[in-house]
Amino acid sequence: MSKLSPEFPFTGALERLIISASAFARDIEMEEINVTQAARNLTALVNRVARQGASFELTRGGRPIARLVPPSPLKEVKVLELSALFARLPRLDPDDIDAFEQDIGESECAVGADRDPWT
């Protein structure tokens with residue numbers, strides 16, 4: 001179900017159009033700043049992004065290399081939609097599964113299976 005209007009039959013397309021339009025508008029309003037200036041003023045830039053929704057395109061040598069933008073709103077997923085969501089996820093082939101298990105085993109050996117690697 002859409003957040004916009006449950007009775008509108010093309011709501012998914014309309015939501016994509018609105019999201020695309022808002023991303024386009026954000027690109028138009030994006031300020032350009034070189035990375036040296038951004039590094040010197042990072043706290044102020046992040047505060048403007050968080051509080052005012054400002055967007056910045058970071059440049060090096062006059063060429064864009066990165067963007068500092070507000071996060072996109074997360075799509076709400078209902079519990080009843082989880083089954084369909086999981087069904088659309090890509091499947092690992094047996095070789096990928098074996099490689100994944102091997103990577104996990106090697107990681108556990110490197111840090112110790114009983115030790116939390118994040119602490």
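## A quick tour

Start with the whole thing in cartoon view. You're looking at a predicted model, and its protein chain has five helices and three strands.

The protein chain exposes about 10,100 Å², with carbon and sulfur atoms supplying 59% of that. What share of the 119 residues counts as buried? The figure is 12%.

Next, go looking for the inside. Select Ile33, Ala38, Leu45, Val49, Ala54, Phe56 and Leu58: these seven residues make up the largest nonpolar core. In soluble globular proteins, nonpolar side chains tend to be buried together.

Stay there and click on Ala54, one of the core residues. Which residues does Ala54 touch once you skip its neighbours within four places in sequence? They are Arg48, Val49, Leu68 and Pro70.

Zoom out for a moment and think about contacts across the protein chain. Among those between residues at least 6 apart in sequence, 38% join residues at least 24 apart.

Last stop: helix 5, residues 94-111. Find its start and show the side chain of Asp93, where an oxygen reaches to within 3.0 Å of the backbone nitrogen of Asp95. Then try the distance tool on the end C-alpha atoms of helix 5, which are 26 Å apart. That agrees with expectation, because 18 residues at 1.5 Å a residue should span 26 Å.

Note on methods
Residues are numbered from 1 along each chain as its sequence is written. This is a predicted model: local features need pLDDT of at least 70, side-chain atom pairs count only at pLDDT 80 or more; totals for chains, interfaces and linings use all residues. Side-chain values use heavy atoms; hydrogens and water are left out. Helices (H or I, at least four residues) and strands (E, at least two) are DSSP runs, numbered from the N terminus. The expected span of a helix is 1.5 Å times one less than its number of residues. A polar contact is a pair of N or O atoms within 3.5 Å; within protein, one must be able to donate a hydrogen and the other to accept it, and residues adjacent in sequence count only if both atoms are side-chain atoms. Buried means under 20% relative accessible area, exposed over 50%, partly exposed in between (1.4 Å probe, protein chains only). Contact means heavy atoms within 4.5 Å. Accessible areas come from the Shrake-Rupley method with a 1.4 Å probe; for residues, only the protein chains shown count as cover. A nonpolar core is a set of buried Ala, Val, Leu, Ile, Met, Phe, Trp, Tyr and Cys residues joined through side-chain atoms within 4.5 Å.
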